[in-house]
Amino acid sequence: MATTDETDWAGLLVKVRDHQDRAAFAALFRHFAPRVKAFLMKSGAGAALAEECAQDVMATLWQKAHLFDPSRASVATWVFTIARNRRIDALRKARRAEPEELDWGPDPEPDQAEVMEAQQETERLGRALAALPASQRVLIERAFYGELSHSEIAAETGLPLGTIKSRIRLALEKLRHQLG
Amino acid sequence: MTTIRHHLSDQLLMAYAAGQLPEAFNLVVATHVSLCDECRARAASFDAVGGALLEEAEEIAMGEDALTRALERIEGLPQATRSEPLKPAGIFPAPLADYVGGDLSAVRWRKVGGGVKQAILPTGKDASARLLYIPAGTAVPDHGHRGMELTLVLQGAFADENDRFGRGDIEIADEEVEHTPVALAGEDCICLAATDAPLRFRGLIPRLAQPLLRI
């Protein structure tokens, strides 16, 4: 299930999930912790706070590994959502209501094609981001780094989000069907 | 799942994914997404943008002993096991039930006149959220849209000159919207509303006291 040209983060996180594999966790930590730290510092956290929060985020990744389903989201997206919530907590001291959990846990035998598609989305979006005019990319970065208020955020990203939406929509339909 | 015709805007979903909404708006978005698979999927696609940004971001080196500390730290951490999600039996999806501390029977309503009741929910001060109870056939209180206002229907329905809003539908109003929504006949209408403008109680109450006669 590993993609050809990048490390198989999803495979590693599944090892953490299923076997509490510490070597797999260490590999994830080396890749993601410095990125989470950078994300938090760009969002206005000082170095010490960002380091501390990045530690928290990685510990949460370990603790919540049981919720990770590689056919739903890439590891980068999963780490981002944890880091974002930690940021809201630490920097804005606000609460973020989360949608109701759906009754779908990780599928013990997920469809490998679906896993591959979900895991490659981050890479594909990364290429699309790089291809955007600089001014547009900067607006998206500023929105996600917390530099824009909700009324300043521009809805039009120019990114191909339709394919991601459709894939998740389909998975939700399948789930609703199973639940009857 | 009922058919939802009025959805969240891309702007709100992106701001939710970016973590930039006031708490009261987070609550409305999370409650709508709980009822709406379409917006759940759209929200996830904006999360994926955050994932791509994180992946592409520069790295800032962690402290030398960071990995050792992390490994020590997870040593003592139990991995949570999957628990069955709580499925509220009432009309409030989980995030709202969490704020209210239960379902409809747990709401501490205050009368505001004309049979209309409201309950302000505890959120941060940058925006406010409240539940509204509007008897069937009564005018929805007009809050004089300053700033942005979100209204999510949880029970019953309301309609204005242009449209009808039923369970799960969300109305997004800004300063330009001027309308006279009315709770439709049938079930009493219950909505979750949030605004980032200060609530204007003084001007509100006299207007609320006059149930609208035309439907």
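Modeller: What follows is a walk through one group of rings. The model is predicted. A pair of aromatic rings is described by the distance of the centres and the angle of the planes. Over all chains, nine aromatic pairs are counted. Take F39(A) and F80(A): their ring centres are 5.8 Å apart and their planes stand at 75°, so this pair is edge-to-face, the term for angles over 60 degrees. F39(A) belongs to helix α2 (residues 22-42) of chain A and F80(A) to helix α4 (residues 75-92) of chain A, so the pair ties together parts that lie 41 residues apart in sequence. F39(A) is buried because its relative accessible area is 3%, under the cut-off of 20%. F80(A) is also buried, with a value of 0%.

F39(A) has a further partner, Y145(A), and this pair is tilted, with 5.9 Å from centre to centre and 50° between the planes. Here distant parts of the chain are linked again: F39(A) sits in helix α2 of chain A, while Y145(A) sits in the loop between α6 (134-144) and α7 (162-179) of chain A, 106 residues apart. Y145(A) has a relative accessible area of 6%, so it counts as buried. Together with F144(A), the residues F39(A), F80(A) and Y145(A) make up one aromatic cluster.

Rings of chain B meet charges from chain A. R95(A) lies over the face of Y99(B), 4.0 Å from the ring centre. The charged end of R96(A) is placed over the ring of Y16(B), at 3.7 Å from its centre.

Technical notes. Residues are numbered from 1 along each chain as its sequence is written. Chains are lettered from A and ligands numbered from 1 in the order in which they are written. This is a predicted model: local features need pLDDT of at least 70, side-chain atom pairs count only at pLDDT 80 or more; totals for chains, interfaces and linings use all residues. Side-chain values use heavy atoms; hydrogens and water are left out. Rings of Phe, Tyr and Trp (its six-membered ring) pair if their centres lie within 6.5 Å; planes under 30 degrees apart count as stacked, over 60 as edge-to-face and the rest as tilted. Helices (H or I, at least four residues) and strands (E, at least two) are DSSP runs, numbered from the N terminus. Buried means under 20% relative accessible area, exposed over 50%, partly exposed in between (1.4 Å probe, protein chains only). A charge sits over a ring if NZ of Lys or CZ of Arg is within 6 Å of the ring centre and within 35 degrees of the ring normal.
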